[in-house]
Each structure stands twice: as structure tokens, then as C-alpha cells.
Amino acid sequence: MRILVSGATGLIGNALAPHLKKKGHEVLRLTRTAKRTGDIEWNPQAGQIDLSGAGKIDGVIHLAGENIADGRWTGRKKERILNSRKNGTRLLCDALAAMPEAPGVLISASGINYYGSSTGSDRLDEESPAGTGFLAKVCREWEQATAPAEQAGIRICHLRIGMVLTPEGGALKKMLPAFKLGLGGRIANGRQRTGWISIDDLIGIIDAALHEESWSGAINAVAREPASNREFTRQLARVLARPAVFPVPGLLVRILFGEMANDTVLADLPVYSRRLTELGYKLCHPELAGALNHLIGKERKGQGRKKKSRPPPNDFDA
Ligand SMILES: NC(=O)c1ccc[n+]([C@@H]2O[C@H](COP(=O)([O-])OP(=O)(O)OC[C@H]3O[C@@H](n4cnc5c(N)ncnc54)[C@H](OP(=O)(O)O)[C@@H]3O)[C@@H](O)[C@H]2O)c1
């Protein structure tokens, strides 16, 4: 397949592209700064995209968006978070719909924040309604922005991605230094839950969504059970063989990170994937302990020399 990937330079895209290439696909990167031959440049902020030279594209994986966790949420940062997704997605989908031969599938990233940060529910799945709060609004408008592609007959998967676990970046990379020094601890009372997914499983899910015609609509990309922050802390400390006895007060997190804290580290997101179960998708790392052992074990063994990464799962294909 010829696959167009936006945000291919980011955390998920960087892990995904080599996997796709290894499977024999051709990857075209849609990026704001073309660095390699074959990269296609776009400027979502200025509404500029030109796919006329791209040739036939079989599938699109849309990951681009302003990073949510790399700075305090000022008014301008929030605008960039929302507009890079809402306007960027619409721009891309208008361009896909206008192609002489539209791609067969668009896999568009979304997040489990779709459900809102504190619903009081013990179980959120794809049938749960959209929640309230800033990130819930972002996810809702991000998903709605794919409408032009849907109207053009493109199969759409909205992957509502949970916290992606990889030592290469994101939340886990941020936590590791303190935990390695034995300075880790739960955040607030540690009861807030989150849906999570190992990077290997996320890549496997994206791969399956590309190929399986029956996959469409909203799909929560999360492991079997959400984890409470307390449980996550316990498991991470266990894998690293370190104590984790320094709780971080919720008030401090709110002072440091402002509104972002309520929508992210303090949010209660007990998200399950009804759809992955119905579709019969088998995760490689359904349990947190196994996922962390695999990810951190890999990282620890890899210290000092570059280890070959384990191929992502394809149990589904099997
Ligand atoms: N990582 C997670 O835990 C997680 C969880 C849930 C959902 N998601 C979503 O999945 C997607 C990919 O995640 P990721 O962790 O790989 O993200 P990431 O590392 O922040 O990378 C996103 C990519 O988007 C592009 N980008 C950055 N700012 C942009 C802007 N203002 N306008 C347009 N494009 C911009 C960049 O690519 P170029 O510079 O090449 O244009 C960047 O490499 C994101 O939309 C994210 O919200 C991630």
C-alpha cells in the first residue's frame, strides 16, 4: 500500500513508519517541514496542502496535532491544540475528498479524553457519550472534522488512543527519571484511572485498521483494563525495583500545570474497548505488569547499545 502519514515525525509516527516499511508498504510523510525526498509539505495553520503530486494513495494515517503536554495551557496554546486538529483535519479531508481517486481508508487519531475528565462513571466505552472539558471538546471537533472524507466514501476509523506507553517519549519517559531514583510516587490520591496502550499494541491496531474493511467508526485503542494512578505507580516501581513513596499532592500539580492537570494527570478515565473485543483483536500486552516489563526491560537491556526493537504484534492476522 502507499500510505500517507501526517505527524509521522512524532512519537507514534516514528515507531509506526519503520513497521509499515518493514511490511512492504510505501510511506509518504505529510509534514510541516519536509526533510527527506518524497516528504509532502503542508501548512495546516495557513490552510495550505497540495496532494496533486502524491500519486495514488491507498490509506492515510492522520496523527498530526500540536503537542498537548509540552507547555502550559495559555490561551494561545489551547487555540493551537484545537485548531491544529480541527482545521488541520478538515484541510486534509477536503484534499483527500478532492483527489481523482480517493484513498480507501483514513485512520484518524483521537483520544480517550473524548469522554471527559470526570464523569463519575466506572466504565466508559465507545457507546458512552462525549464528555465535557477542553480536551473532550477538542476530540469531538477533531472527529467531526473528518466529515468531508466520509462523504467522499472513505472508510474512517477514529482511534481514541489511551496513554501510549513507550520509554521513547510521552508520559512514561517523563516519569522514568524520578522513579529510577526511587523518588516516584502516586499523584494526588492515586485513585484516578486511565486507559493506556503499549506502543507495540497501538501499532498493531493501526495496522489492523488499515487492512480490515470491517473496522470503522470510533475504536478505543486501550488495553484490557484501565489502571489507577496508584496501581500504575506500584507496577512501575516494581519493574524498576525501586520504592515509590513520595506522593505528589494534587494541589501542587494544579499550581504547576493549571487547567492541563485536570484534563490529563488528574482526569479519571476508566476507558475500556468494547469494539476491540467485538472485533476479536488480541492485544500483545493486555496487562500493565507485562507491558511495563516488556517496555522497561527492553529499555534497561538496551542501555549502552542499540537493541533491535521487537516487531509489533500481529496476533490479529494470525
Ligand atoms: N502519545 C499519546 O499518549 C497519545 C494519546 C492519545 C492521543 N494521541 C494523539 O495521537 C497523535 C500522535 O501522537 P504523538 O504522541 O505521536 O504526537 P507528537 O509526538 O506530539 O507528534 C505530533 C506530530 O504532529 C505534528 N505537529 C506538531 N504540532 C503541530 C501543529 N501545531 N499543527 C500541525 N501539526 C503539528 C508534528 O509533525 P510535523 O512537524 O512533521 O508536521 C509532530 O511530529 C496526536 O494527535 C495525539 O494527540 C497521542
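Modeller: Before we start, a helix axis is a line fitted to C-alpha atoms over the stretch in contact, and angles run from 0 to 180 degrees between N-to-C directions. Please keep in mind that this model is predicted.

Colleague: Thanks! At what angle do α1 and α6 pack, and is α1 oblique or roughly parallel to α6?

Modeller: Helix α6 covers residues 199–211, and its axis lies 10 Å from that of α1. The two helices pack at about 55°, and their crossing is right-handed. Angles under 35 degrees count as roughly parallel and 65 to 115 as roughly perpendicular. An angle of about 55° therefore makes α1, relative to α6, oblique.

Colleague: How are α5 and α7 placed, oblique or roughly parallel to each other?

Modeller: Look for α5 at residues 170–180 and α7 at residues 229–240. Their axes are 11 Å apart and the packing angle is about 60°, while the crossing is right-handed. With that angle, α5 and α7 are therefore oblique.

Colleague: And α2 with α3: oblique or roughly parallel?

Modeller: Helix α3 spans residues 134–144, and its axis comes within 8 Å of the α2 axis. They cross at roughly 15°, in a right-handed crossing. Since angles under 35 degrees count as roughly parallel, α2 and α3 are therefore roughly parallel.

Colleague: Let's turn to the ligand. Which elements each supply at least two residues of its shell?

Modeller: There are 21 residues around the ligand, and Thr9, Leu11, Ile12, Thr31 and Arg85 come nearest. The shell divides into nine nonpolar, nine polar and three charged residues. The elements that each give at least two of its residues are α1 (11–22), α2 (75–97) and β5 (105–111).

Colleague: What percentage of the ligand's exposed area does the protein bury?

Modeller: Start with the polar contacts, which are pairs of N or O atoms within 3.5 Å. A ligand oxygen is 2.9 Å from a polar backbone atom of Leu11, and one is 2.9 Å from a side-chain N or O atom of Arg32. A backbone N or O atom of Gly65 is 3.2 Å from an oxygen atom of the ligand. Taken alone, the ligand exposes 900 Å², and the share buried by the protein is 83%.

Notes. Residues numbered from 1 in each chain as written. Predicted model: local features only at pLDDT ≥ 70, side-chain atom pairs only at ≥ 80, totals over all residues. Heavy atoms only, no water. Near = heavy atom within 4 Å. Polar contact = N/O pair within 3.5 Å; in protein donor to acceptor, adjacent residues only side chain to side chain. Areas by Shrake-Rupley, 256 points an atom, 1.4 Å probe, with all protein chains shown as cover. Helix = DSSP H or I, 4+ residues; strand = E, 2+ residues; numbered from the N terminus. Nonpolar A, V, L, I, M, F, W, Y, C, P; charged D, E, K, R; others polar. Parallel < 35°, antiparallel > 145°, perpendicular 65-115°, else oblique. Left-handed = near helix turned anticlockwise from the far one by under 90°.
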